[in-house]
Structure formats: structure tokens, C-alpha cells
Amino acid sequence: MLLVVTYSQAARTTLRNICRTHEEVVVRRLGRAALFDETELAAFLALRLREKHDEAVQIERTEPFNEFAAVPDAVREAAAAYEDRESPATPYSKFASGTDHPSAAEMKRREL
């Protein structure tokens, strides 16, 4: 997919117009950004937007996030356990303390 991010009001207006006119290429609209299907038409529209608004538009190629291939089991298990906690107000650092779950500091240092 193509991620198109806008950084000016004029670019956002043009992006909104593109999304309304070419709904078939829009996967998701996210306010200042949009995800487009990876087609030549989508690339054309994204590049046209950047030509019109120059540095106020950023285009990135994305790929779907496969949590089972990219994320260690311990992190997925910690996320599931944290969401299943008894008290919703408990911060993660307190929740993970004294458990086998990785700390936030450990996860922050490690890249996927």
C-alpha cells in the first residue's frame, strides 16, 4: 500500500478531493493521511499531489504488519495479558513488575 501524508491545509484539501473522486484506490482515510491501494493510478494520484504541494506531501510504501512474524511471543503475550488485567488503571510498568513479561524499558531498546 501507499501511505500519503499531508502537512499543509492546502495539501489536505487536495487529498480529501482525491479520496472523494477516486474512492476505488482509497483503502483508508486518516484525516491528514490516506492509505492507497498499490496500483499505478494510486501512485499517479500520490505523485500528482506531491507535485502540486511539494514538501507538504510525504509518500511511503508500506507493507502489512504480520505480528506473528515480526513480534516475539513474549511481547504478544504481554499485550494480551495487560489488556486482560483486573484493574484497567494499572500502568504497564507496575503490571509487568515481578512477572516474566518484558518491561517497557526492555521493549523500547529492542527493534523488531
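## Basis of the model

Because the model is predicted, local features need pLDDT of at least 70 and side-chain atom pairs count only at pLDDT 80 or more, while totals for chains, interfaces and linings use all residues. Residues are numbered from 1 along each chain as its sequence is written, and side-chain values use heavy atoms, with hydrogens and water left out.

## Annotated spans

The UniProt record, an unreviewed entry, carries the annotation "domain: DUF7855" for residues 1–64 and 66–112; its positions are given in the numbering used here, feature names are shortened, and such annotations may be inferred rather than shown by experiment. Over residues 1–64 the chain is 42% helix and 28% strand, with the end C-alpha atoms 8 Å apart. The span of residues 66–112 is 55% helix and 0% strand, and its end C-alpha atoms lie 11 Å apart. Helices (H or I, at least four residues) and strands (E, at least two) are DSSP runs, numbered from the N terminus.

## Helices α1 and α2

Helix α1, made of residues 9–21, packs against helix α2, made of residues 40–53, at an angle of about 155°, and the two axes are 10 Å apart. That angle makes α1 roughly antiparallel to α2, given that angles under 35 degrees count as roughly parallel, over 145 as roughly antiparallel, 65 to 115 as roughly perpendicular and the rest as oblique. Axes here are lines fitted to C-alpha atoms, for helices over the stretch in contact, and angles run from 0 to 180 degrees between N-to-C directions. The crossing of α1 past α2 is right-handed, a term used if the near helix is turned clockwise from the far one by less than a right angle, with left-handed used if it is turned anticlockwise.

On the α1 side, A10, A11, T14, L15 and I18 take part, and they meet L45, L49, K52 and H53 in α2, where contact means heavy atoms within 4.5 Å. The residues of this contact divide into six nonpolar, two polar and one charged.

## Two buried residues

L45 is found in helix α2 and is buried, with a relative accessible area of 0%; buried means under 20% relative accessible area, exposed over 50%, and partly exposed in between (1.4 Å probe, protein chains only). Leaving aside neighbours within four places in sequence, L45 is in contact with I18, H22, V25 and F36. Between L45 and R12, which are 33 residues apart in sequence, the C-alpha to C-alpha distance is 13 Å.

V57 has its place in strand β4, and this residue is also buried, at a relative accessible area of 6%. The C-alpha atoms of V57 and G98, although 41 residues apart along the chain, are separated by 46 Å.

## Residues in loops

D54 sits in the loop between α2 and β4 (57–61), and it has a positive phi of about 50° although it is not a glycine. The loop between α4 (73–83) and α5 (92–96) holds P91, which counts as partly exposed at 42% relative accessibility. From P91 to D54, 37 residues apart along the chain, the C-alpha atoms are separated by 42 Å.

A89 also has its place in the loop between α4 and α5, and A89 is exposed, with a relative accessible area of 68%. The C-alpha atoms of A89 and E55, 34 residues apart along the chain, are separated by 41 Å.

Key:
Ala, Val, Leu, Ile, Met, Phe, Trp, Tyr, Cys and Pro count as nonpolar, Asp, Glu, Lys and Arg as charged, and the others, Gly among them, as polar.
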